[in-house]
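Welcome! Below are a few exercises with worked solutions, to be done with the sequence and the 3D view side by side.

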Amino acid sequence: MVINETTNKKIANNEKSFPSPLRLLIVSASVIFCAEAFIMFLFPLFPPLPSQAHVLIDSLLLFLIAVPVLYLSLYQPLKKKIVEDQEMEKRLLLFRNLMDQSSDGIFVVDPKTAGFLYANEKACKNQGYQYEELLNITVMDIDSNLSDMASWEKTSMEVQNKGSIVRESENLRKDGSKFPVEMSMKYVEEEDKDYFVAVVRDVTERKRFEETILHQNDLLSRVLDSLPFPFYVINSDNFRIVLANCTAKSLGGDVEQKTCYETTHGRGKPCTGVKHPCPINKIKETREAAFMEHLHRDKNGKEVNLAVSGFPIFTKDGRMRQVIEYVMDITESKVREKELLKKNMELRNTLDKLQKAQEILVRSEKLTSIGTMAAGVAHETLNPINIISTIVQVLQMEELPGEVREDLDEIMTQVQRATKIMNNLRMFSHQKETGFAPVDVHELFDKTASLVEREMNLENILIKREYEENLPIIEADGDKLSQVFLNLLTNAKDAMKGGKDNRITISTRTMEEEVEVRFTDTGPGIPKDIMNRLFEPFFTTKGATEGTGLGLSLVQSIIKENHGGKIRVESKEGKGASFVIDLPVEREFEVRSKE
């Protein structure tokens, strides 16, 4: 053992410091010789003594001199040695106590034999041996990785070459059980003798803890990899991804240690703006979870719609360290959402059309009722007009003053005009079965215009006719075309209110197998932004009490659906507007509505 070897060396050094018997003999003889010489020098001064007295004096001198010499040469060194040995024993006991207090096993090993020279209490306890038992076995008896002397010699050579080694192994207890250890072995050389000092730590608890951590990590990894959406853990300071599940890697490849904005957006800096807000920066600002939608790119560069959820991870001192971010692909949901919105819009449009059709039907029924009432009013009004006409004609047969005759002529003129208006109104509102018949467009327009022409003249609006001669007779529903003409005349009149040089020009011409009827006014024209909405039901530029917005919608329905024709608008702001109707000469289509 290293400690015993050192102690023996110190004892040997102390023995060398003691005087040898030869040295004592020489010292004693020298003292006696000096004493004899001193006596011989003094004898002449005293009377002679007998020989016995000389012997006695010599002995006495020898004793007196030897006692102090022996005290100085033997007792003092011996006393010093005893004190030193006691101090050595104390230090040795302190060293052993300190070694036994260690939580690790400590061994001193002979490099040549692999035998143990020393082992502390923890080493004995870990291995299940008594101290004396350990000193009688070798390293191969407790290290499961060292099976024979050859393996030990290889390890011994490695320790001597490197100076020290650290490795993990499994040690065998006396009862044959095994336990994991971490062994640190160091090469020590003292006074030409070699030693190995090994510190062996029982790592059973650490291994158990590591296995628990590994199991938890494996479970966590499997849980994350089972998620159908990408999952990231991102450093909040540098935006680098430190953890990503399999789904995330399948979208962006090997993403760990890359920045999130580089992986998901192919950018060189963090995301910004309304379209690509950065969830990490948002979390930094609010220190709360963030939820937003993003447009990411997969590993093929394809854009995908994702719902991003971010949650902060804080340290114990409250600093935000990382962000958990998981992403759900909502691309298909977005597509379905757009489809649903489209379907919803289509349903709304269909519902609106149905509502508008219902309102048009109600309006049509109201117009029919008004027409019926107008026919009755015209019929009832014609009776007194006819009586007035008869009386005037009787009076005109008598001899009357000139002024009276002129008044009767004026009355007769107005009666004839009223009769004509009533007849036209009765004809316009006459309820007969809807059907197609030959129609003279010029004649139909003149009859329709007579209903409003006088009123327009009073408002300084001139109706100008530019008829093509020999215009073909067309096959049409005269009543419905009258409604069209009346609506267009009324709209043109309303558009020119307050203007100068108010004029409505009606022109006709033949276009191959169609007849074109053009209504042109000198009003302010139609703004471009409402051109496409003119024929929408209930769209009107008039006040709420001036129009319903159904007139042009009915016009378009009659022309397109009832007659298979076309209607279009031509206008320049400040230069009036033209409504152009194209009607087929012959009816070569099936009427879609006979109402």
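Before starting, here is a term for how open a residue is: buried means under 20% relative accessible area, exposed means over 50%, and partly exposed lies in between (1.4 Å probe, protein chains only). This is a predicted model, in which local features need pLDDT of at least 70 and side-chain atom pairs count only at pLDDT 80 or more, while totals for chains, interfaces and linings use all residues. Residues are numbered from 1 along each chain as its sequence is written, and side-chain values use heavy atoms, with hydrogens and water left out.

**Exercise 1. Find the salt bridge of Arg 206 and describe its two ends.**

Step 1: Recall the rule, a side-chain nitrogen of Lys or Arg within 4 Å of a carboxyl oxygen of Asp or Glu. By this rule the count comes to 26 salt bridges.

Step 2: Look for the partner. Arg 206 meets the side chain of Glu 168, at 2.8 Å from N to O.

Step 3: Arg 206 belongs to helix H7 (residues 204-226) and Glu 168 to strand S3 (residues 164-172), so the pair ties together parts 38 residues apart in sequence.

**Exercise 2. Work out where the salt bridge between Glu 443 and Lys 447 sits.**

Step 1: The N to O distance is 3.3 Å.

Step 2: Both residues lie in helix H13 (residues 441-449), four residues apart, which is about one turn of the helix.

Step 3: With 43% relative accessibility, Glu 443 counts as partly exposed. Lys 447 is partly exposed too, with 30%.

**Exercise 3. Find the partner of Glu 453 and say which elements the pair links.**

Step 1: Glu 453 forms a salt bridge with Arg 465, and their closest N and O atoms are 3.3 Å apart.

Step 2: Distant parts of the chain are linked here: Glu 453 is in helix H14 (residues 453-458) and Arg 465 is in strand S12 (residues 461-466), 12 residues apart.

Step 3: Glu 453 has a relative accessible area of 22%, so it is partly exposed. Arg 465 counts as partly exposed at 30%.

**Exercise 4. Trace the strands that pair with S10.**

Step 1: Note that two strands pair if DSSP finds at least two bridges between them.

Step 2: Strand S6 (residues 231-235) runs antiparallel to strand S10 (residues 320-329), and five bridges join them. Asn 235 has Gln 322 in S10 as its bridge partner.

Step 3: Strand S9 (residues 303-314) also pairs with S10 in the antiparallel sense, over nine bridges. Here Pro 312 stands opposite Val 323.

Step 4: S9 and S10 form a hairpin with five residues between them, and Gly 318 in the turn has a positive phi of about 90°.

**Exercise 5. Describe the hairpin made by S1 and S2.**

Step 1: Strand S1 (residues 105-109) pairs with strand S2 (residues 116-119) in the antiparallel sense over three bridges.

Step 2: Val 108 has Tyr 118 in S2 as its bridge partner.

Step 3: Six residues lie between the strands, and Ala 114 in the turn has a positive phi of about 65°.

Definitions and conventions
Helix = DSSP H or I, 4+ residues; strand = E, 2+ residues; numbered from the N terminus.
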